[in-house]
Amino acid sequence: MTDEAAYLPALEAAGYALRIRQPDWYQHRCLVRRVESGAPWSVNLHVLSPESGAHEIERILAFRDRLRTHDDDRAFYEHAKRRLAQRRWKLVQHYANAKSEVIEEILGRALSG
């Protein structure tokens, strides 16, 4: 993950822009691709080091899979995000932290099954 020159140029050529670099958290990188006219959403691409972030990657995928297969949890998460998005945040991390309780609740159901 630290060798950004090996992967960032290809992602940038595909329309992604690096927005977050967190070397102390599984070498996390977050890239964003903005919507083109008429596209339904923007894309946030999270990149983690598989060597150090295997557990977190499993959690992220379990959360994603839960939202894909459970309409009630997807609606619950959407409602929380829309409510929080109406607020002004000094830092994007504050918005992310505010979602934590909802995410952990959904993750609890995802990982218990």
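**Exercise 1. Name the residues linked in a network of salt bridges.**

Solution. Start with the term: a salt bridge is a side-chain nitrogen of Lys or Arg within 4 Å of a carboxyl oxygen of Asp or Glu. The network links Arg-66, Asp-73, Glu-105 and Arg-109. Next, take one pair. Arg-109 and Glu-105 meet through their side chains, at 3.2 Å from N to O. Then place the pair. Both residues sit in helix α5, four residues apart, about one turn of the helix. Helices here are DSSP runs of H or I with at least four residues, strands are runs of E with at least two, and both are numbered from the N terminus.

This is a predicted model, where local features need pLDDT of at least 70 and side-chain atom pairs count only at pLDDT 80 or more, while totals for chains, interfaces and linings use all residues. Residues are numbered from 1 along each chain as its sequence is written, and side-chain values use heavy atoms, with hydrogens and water left out.

**Exercise 2. Decide whether Arg-109 and Glu-105 are buried, partly exposed or exposed.**

Solution. Recall the cut-offs: buried is under 20% relative accessible area, exposed is over 50%, and partly exposed is in between (1.4 Å probe, protein chains only). Arg-109 has 28%, so it is partly exposed. Glu-105 has 37%, so it is partly exposed too.

**Exercise 3. Work through the salt bridge of Glu-78 with Arg-82.**

Solution. Distance comes first: the closest N and O atoms are 2.9 Å apart. Now the location. Both residues lie in helix α3, four residues apart, about one turn of the helix. Last, accessibility. Glu-78 has 39% and is therefore partly exposed. Arg-82 has 54% and is therefore exposed.

**Exercise 4. List the buried residues of α2 and say what covers them.**

Solution. The buried residues are Gly-53, Glu-56, Arg-59, Ala-62, Phe-63, Arg-66 and Leu-67. Their cover includes α3 (71-85) and α5 (100-112). Contact means heavy atoms within 4.5 Å.
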